[in-house]
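Good morning, colleagues. Please look at the sequence and the structure as they come up, and I shall then take you through the chain one part at a time.

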Amino acid sequence: MDAGLDPYDHAYLRRVLDEGRRIAVVGASPNSARPSWMVTRYLKSRGYTVHPVNPSAVGEDLAGAPFVGSLAEINGPVDMVVIFRRSEAAGAVVDEAIATLGPRGLKSIWMQLGVRDEAAAARAKTAGLDLVMNRCPKMELSRFNRELSFGGFNSGVISARRPASR
């Protein structure tokens, strides 16, 4: 296992990714230099339906998927919510996901690398959701599919943390 990653059984991660075919990416960016853009585009290229969520980017699209301002604005079911926000914001995203998408069949919450919130994780589990923290779905899919890494993955570049000011 990679140092610094939360431990999860490989079969569990594969099941979460197999069952989560319709994904809302909270904190997705229209900026192609951002990790959230790369991950969202990768997921779409692998056949996942993606819904980029970013109130600052409404009116734009990412790989043909239009941005929405909130989870409540997504039409239809969502299986998984991927959180590309700071750990401090994850709890509010989890609560919104449970309230708005839970009744529509939400199955899992996935917190990106560096994102952890134990209290939010407990609420998600109580709501019957699968939960992954501090992992990247792109990296896991690449590993499962024996693909070579690209664009900063496995390099320490991908993070939910803002870069330090210079």
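Let me begin with the contacts, where a contact means heavy atoms within 4.5 Å. Of the contacts in this chain with a separation of 6 or more, 65% are between residues 24 or more positions apart.

A word on the source. This is a predicted model, in which local features need a pLDDT of at least 70 and side-chain atom pairs count only at pLDDT 80 or more, while totals for chains, interfaces and linings use all residues. Residues are numbered from 1 along each chain as its sequence is written, and side-chain values use heavy atoms, with hydrogens and water left out.

The pLDDT is the predictor's confidence in each residue, from 0 to 100. The chain averages 89, and 86% of its residues score at least 70. Residues 151–157 have a pLDDT below 50, and in the model this stretch has 12 contacts beyond near neighbours in sequence. Where pLDDT is low, the predicted coordinates should not be read in detail.

Now the layout. There are five helices and seven strands in the chain. Helices (H or I, at least four residues) and strands (E, at least two) are DSSP runs, numbered from the N terminus. Starting at the N terminus, the order of the elements is α-β-α-β-β-β-β-α-β-α-β-α. As for burial, 48% of the 166 residues are buried. Here buried means under 20% relative accessible area, exposed means over 50%, and partly exposed lies in between, with a 1.4 Å probe and protein chains only.

How many of the eight residues of α5 are buried? The helix spans residues 137–144, and seven of the eight are buried, namely P137, K138, M139, E140, L141, S142 and F144.

Consider E140, which belongs to α5. E140 has a relative accessible area of 3% and therefore counts as buried. Apart from neighbours within four places in sequence, the contacts of E140 are L13, L17, W110 and R135.

The ends of α5 also deserve attention. Most residues other than glycine have a negative phi, and most peptide bonds are trans. N134, in the loop between β7 (130–132) and α5, has a positive phi of about 60° although it is not a glycine. Its relative accessible area is 8%, so N134 is buried. After α5 comes R146, with a positive phi near 55°.

Two helix pairs follow. Axes are lines fitted to C-alpha atoms, for helices over the stretch in contact, and angles run from 0 to 180 degrees between N-to-C directions. Angles under 35 degrees count as roughly parallel, over 145 as roughly antiparallel, 65 to 115 as roughly perpendicular, and the rest as oblique.

The axes of α2 and α5 come within 9 Å and cross at roughly 45°, and the two helices are therefore oblique to each other. Their crossing is left-handed, meaning that the near helix is turned anticlockwise from the far one by less than a right angle, whereas clockwise would be right-handed. V39, Y42 and L43 of α2 meet P137, K138, L141 and S142 of α5.

In the second pair, helix α3 (residues 87–101) packs with helix α4 (residues 118–126) at an angle of about 15°, the axes being 9 Å apart. That angle makes α3 roughly parallel to α4. The crossing of α3 and α4 is left-handed. From α3, the contact involves G91, V94, D95 and I98, and from α4, A120, R123 and A124.

H51 is in strand β2 (residues 49–53). Is H51 buried or exposed? H51 counts as buried because its relative accessibility is 19%. Not counting residues up to four places away in sequence, H51 touches I23, A24, V25, I74, N75 and V78.

A72 sits in the loop between β4 (65–66) and β5, and at 48% relative accessibility A72 counts as partly exposed. With residues up to four places away set aside, A72 touches E96, T100 and R104.

A63 lies in the loop between β3 (61–62) and β4. A63 has a positive phi of about 55° although it is not a glycine, and with a relative accessible area of 29% A63 is partly exposed. Thank you for your attention.
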